[in-house]
Amino acid sequence: MRPDRDMLDKLKEADLAGRVAYARYLCETILAQSPDHGPTLVRYASNLIALAQYELASQALDHAHSVVATEHIHHVLAQR
């Protein structure tokens, strides 16, 4: 199931504004409905890293690695 476009737009705005905790919340909300959405998993990991939540970030990246298409795997690897 694809995430709601409005939620993705809010996430983009939060990321651009540097609102890390809010972006994390939005990622968790999106992933609750679309747990295999690769771009959100990568953003989630990035925000977790910014919050020094390294173990959770690693888990998110592991999951992203298993669901992201091969041509987009570099986005996952860049966060490692």
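Contact means heavy atoms within 4.5 Å. The model shown in these close-up views is predicted.

**View 1. L48 in helix α3.** L48 is found in helix α3. With a relative accessible area of 0%, L48 is buried, because buried means under 20%. Not counting residues up to four places away in sequence, L48 touches R24, Q53, L56 and A57. The C-alpha atoms of L48 and V20 are separated by 8.3 Å; these two residues are 28 residues apart along the chain.

**View 2. Helices α3 and α4 packed against each other.** Two packed helices are described by the angle between their axes and the distance between the axes. Helix α3 covers residues 38–50 and helix α4 covers residues 54–67. Their axes come within 8 Å and cross at roughly 165°. Angles over 145 degrees count as roughly antiparallel, so α3 is roughly antiparallel to α4. The crossing in which α3 passes α4 is left-handed. On the α3 side, the residues that meet α4 are L41, V42, Y44, A45, L48 and I49. On the α4 side, they are Y54, L56, A57, A60, L61, H63, A64 and V67. Sorted by class, the contact of α3 with α4 has 13 nonpolar residues, one polar residue and no charged residues.

**View 3. Helices α1 and α3.** Helix α1 spans residues 5–16. Helices α1 and α3 pack at an angle of about 30°, and their axes are 12 Å apart. Angles under 35 degrees count as roughly parallel, so α1 is roughly parallel to α3. The crossing of α1 and α3 is left-handed. From α1, the contact is made by L8, L11, K12 and D15; from α3, by T40, R43 and N47. These residues divide into two nonpolar, two polar and three charged.

**View 4. N47, a residue of the contact between α1 and α3.** N47 lies in helix α3 and is one of the residues through which α3 meets α1. Is N47 buried or exposed? N47 has a relative accessible area of 6%, so this residue is buried. Leaving aside neighbours within four places in sequence, N47 is in contact with D15, V20, A23, R24 and C27. Among them, D15 is a residue of α1.

**View 5. S34 in the loop between α2 and α3.** Helix α2 covers 20–33, and S34 has its place in the loop between α2 and α3. S34 is buried, with a relative accessible area of 4%. Which residues does S34 contact, leaving aside its neighbours within four places in sequence? They are M1, R2 and P3.

View 6. Y22 is partly exposed, with a relative accessible area of 31%. Y25 is partly exposed too, with a relative accessible area of 48%.

Note on methods:
Residues numbered from 1 in each chain as written. Predicted model: local features only at pLDDT ≥ 70, side-chain atom pairs only at ≥ 80, totals over all residues. Heavy atoms only, no water. Axes fitted to C-alpha atoms, helices over the stretch in contact; angles between N-to-C directions. Helix = DSSP H or I, 4+ residues; strand = E, 2+ residues; numbered from the N terminus. Parallel < 35°, antiparallel > 145°, perpendicular 65-115°, else oblique. Left-handed = near helix turned anticlockwise from the far one by under 90°. Nonpolar A, V, L, I, M, F, W, Y, C, P; charged D, E, K, R; others polar. Buried < 20%, exposed > 50% of the residue type's maximum accessible area, 1.4 Å probe, protein only.
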